[in-house]
Each structure stands twice: as structure tokens, then as C-alpha cells.
Amino acid sequence: MGSIYFNGSELTGQHDVKFNGTDMDNVYLNGTKLWTRHPYALDTLIFTVSFGAGGNCDSFISSTYSTYPLAFASQPFYNSGSSGSLDKTCRFTLNDGFYVSYYNQDELGTDSDGAGASNTGGTYQIYIGGTVSGLSHVSGGGGLSVAGSGNNGHSFKVTYSGQ
Amino acid sequence: MATAEQIAHYYEGLCKVVDNINAGKPDNMIQASWDIHSSINIEWLKTIVNADFWTDEDMTAVHLIID
């Protein structure tokens, strides 16, 4: 997301720029885009999803993606196994400005201090087995301080950072 | 930045992962699932052992797995 500063302060709201009283979504200068409005207020929790061992990623792939398309660079997909497989992994990439802000694995604990050094984007992988599940960091974005596979279920949250 | 309490919590989770790997495949898990489960966590150990928030935690058991 672009940033535009006014008297040294970043414009962080969704509609900081108005023209003749009308909210602007984009600001251009000589045909070059200078600024795009934030789609959400900064630090907005976009969604929380939970997965149980023995379950699948079908709802995440279809309804979570279709409900929050701006959060994703592309539609999540099974990169190994499928909905009916005992073991399956589902991969997803977050758009810039969105990050995994919380991850809890039932056995192994909670990463609640954000996703490490970076809070924008990144590719992650959900693993669901018969008795275990979890979330792993693949690339970009920030790492996870809790491991990617433990007994029972897991959940994670995606938040808008605007960065 | 992780707090001391969070670091202790992460270390506790790390030790569970190490213990689980060292204990080997549980009876209620088939070999193929164990292979995926353990490889995911070993890859995570390779990354997390180098995290910049650790202080004086003992990582000997981690290195015995990943080295």
C-alpha cells in the first residue's frame, strides 16, 4: 500500500484524502499513482480460522478466500493431498499489508507476538493429519515461534497492517 | 519483540517438539503421517533455533536432531 504524508504525518486512515468533500480511493500525479486508500483501518482483525485434526481446508479455500479476497495474493489450494486424504497440506499467500498476527496450536502453544520481524505478506502452509495439525511458515512475511504440527487442532488470525 | 514470558512459552513448545520427535511415531499414527509430521517440525526446528529472541536456552537437544 502506498503512503502519503501531510506535514510529516502518514495518512493512515481509509479515507484521508478528499476532493471537494468526496472520499478519494487513489491519488495520481501526472498519471502516476501516488497513494491508494487503505481497504481496512490499520490493525483490523480480518479473520480467524480454526482447523481440527482429521478435518480439511475446504471452507478456508472457498469461503474464507471469497469473503476476504483482498487478504490473499491468490486462492489457497491443496499442495499435497486433498479434502478426503488422511494427510493434506494447504498453501496460501497473503497480500502485502496482511499478516499472521496470532497462531495457536492446541498442544504446542501460542505465538501471539505477531509474525516476527515482518508483518506483511508471506506464504504459509496448513497441515492437517488424522490426529495432528498446524501452520508453517514457507517464505516471505514473518516466521512462527510455534511449530507446524502438534496434537489436535490449531487456529490463526490474519490482521491488516497496511505496510 | 518477544517478552521473557513469551520466550519461555516458545521454549516450552520447542521442548515438546523435541520430546515428541525423540519419542518416535505414536501407535495411533501411520508411518506416512509420522513422516510428514516429523519433517514439518524438524524443518521448523532448523529455523527457530536461530531466532534472535533466545537468550541462554539450552539448544543441545535441538542440535542433536537437526545437525
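Trainee: Hi! What share of the contacts in chain A with a separation of 6 or more comes from residues 24 or more positions apart?

Mentor: Those residues account for 56% of them. Two residues are in contact here if their C-beta atoms, placed from the backbone, lie within 7 Å. One caution: this is a predicted model, where local features need pLDDT of at least 70 and side-chain atom pairs count only at pLDDT 80 or more, while totals for chains, interfaces and linings use all residues. Residues are numbered from 1 along each chain as its sequence is written, and chains are lettered from A and ligands numbered from 1 in the order in which they are written.

Trainee: Thanks. How many helices and strands does chain A have?

Mentor: Chain A has one helix and 15 strands. Both are DSSP runs numbered from the N terminus: helices are H or I with at least four residues, strands are E with at least two. Its C-alpha trace spans about 60 × 30 × 25 Å along the principal axes.

Trainee: Which strands make up the open sheet of five?

Mentor: In chain A the order is S8-S9-S12-S13-S14, with antiparallel pairing. Strand S8 (77-80) and strand S14 (150-151) stand at the edges with a single partner strand each, so one side of each has no neighbour in the sheet. Pairing requires at least two bridges found by DSSP between the strands.

Trainee: How many bridges does S9 share with S12?

Mentor: Seven bridges join S9 (residues 88-94) to S12 (residues 122-128) in chain A. Across that pair, Arg91(A) sits opposite Gln125(A), and Thr93(A) faces Thr123(A). S9(A) is also joined to S8(A), by three antiparallel bridges, with Thr89(A) as the bridge partner of Ser80(A).

Trainee: Is S9(A) mostly covered or uncovered?

Mentor: Mostly covered, as five of its seven residues are buried. Buried means 20 or more other C-beta atoms within 10 Å of the residue's own, exposed means 12 or fewer, and partly exposed is in between, with C-beta atoms placed from the backbone. Over chain A, 33% of the 163 residues count as buried.

Trainee: Changing topic: how many residues are in the largest nonpolar core?

Mentor: It has 33 residues, and Ile126(A) and Val17(B) have the most contacts inside it. S9, strand S10 (98-105), S12 and strand S15 (154-160) of chain A, plus helix H1 (4-23) and helix H2 (31-48) of chain B, each supply at least two of its residues. A core is a set of buried Ala, Val, Leu, Ile, Met, Phe, Trp, Tyr and Cys residues joined through C-beta atoms within 7 Å.

Trainee: What does Ile126(A) touch?

Mentor: Setting aside neighbours within four places in sequence, Ile126(A) is in contact with Phe51(A), Cys57(A), Thr89(A), Cys90(A) and Leu135(A).

Trainee: And chain B, what's its pattern along the sequence?

Mentor: It reads α-α-α, with three helices and zero strands. Buried residues make up 27% of its 67 residues.

Trainee: Which residues of H2(B) are buried?

Mentor: Ser33(B), Ile36(B), His37(B), Ile40(B), Asn41(B), Trp44(B), Leu45(B) and Ile48(B) are. Down the axis of H2(B), they fall within an arc of 170 degrees, so they line one face of the helix. That arc is taken from the directions from the helix axis to the C-beta atoms. Gln31(B), Ala32(B) and Ser39(B), on the other side, are exposed.

Trainee: What does the buried face pack against?

Mentor: The buried residues of H2(B) pack against S12 and strand S13 (132-139) of chain A, together with H1 and helix H3 (60-66) of chain B.

Trainee: How many residues does each chain bring to the contact?

Mentor: Chain A brings 18 and chain B brings 20. The chain A side divides into six nonpolar, nine polar and three charged residues. Nonpolar covers Ala, Val, Leu, Ile, Met, Phe, Trp, Tyr, Cys and Pro, charged covers Asp, Glu, Lys and Arg, and the others, Gly among them, are polar.

Trainee: Last one: where is Lys25(B)?

Mentor: Lys25(B) is in the loop between H1 and H2 of chain B. With 15 C-beta neighbours inside 10 Å, Lys25(B) counts as partly exposed. Not counting residues up to four places away in sequence, Lys25(B) touches Gln31(B) and Trp34(B).
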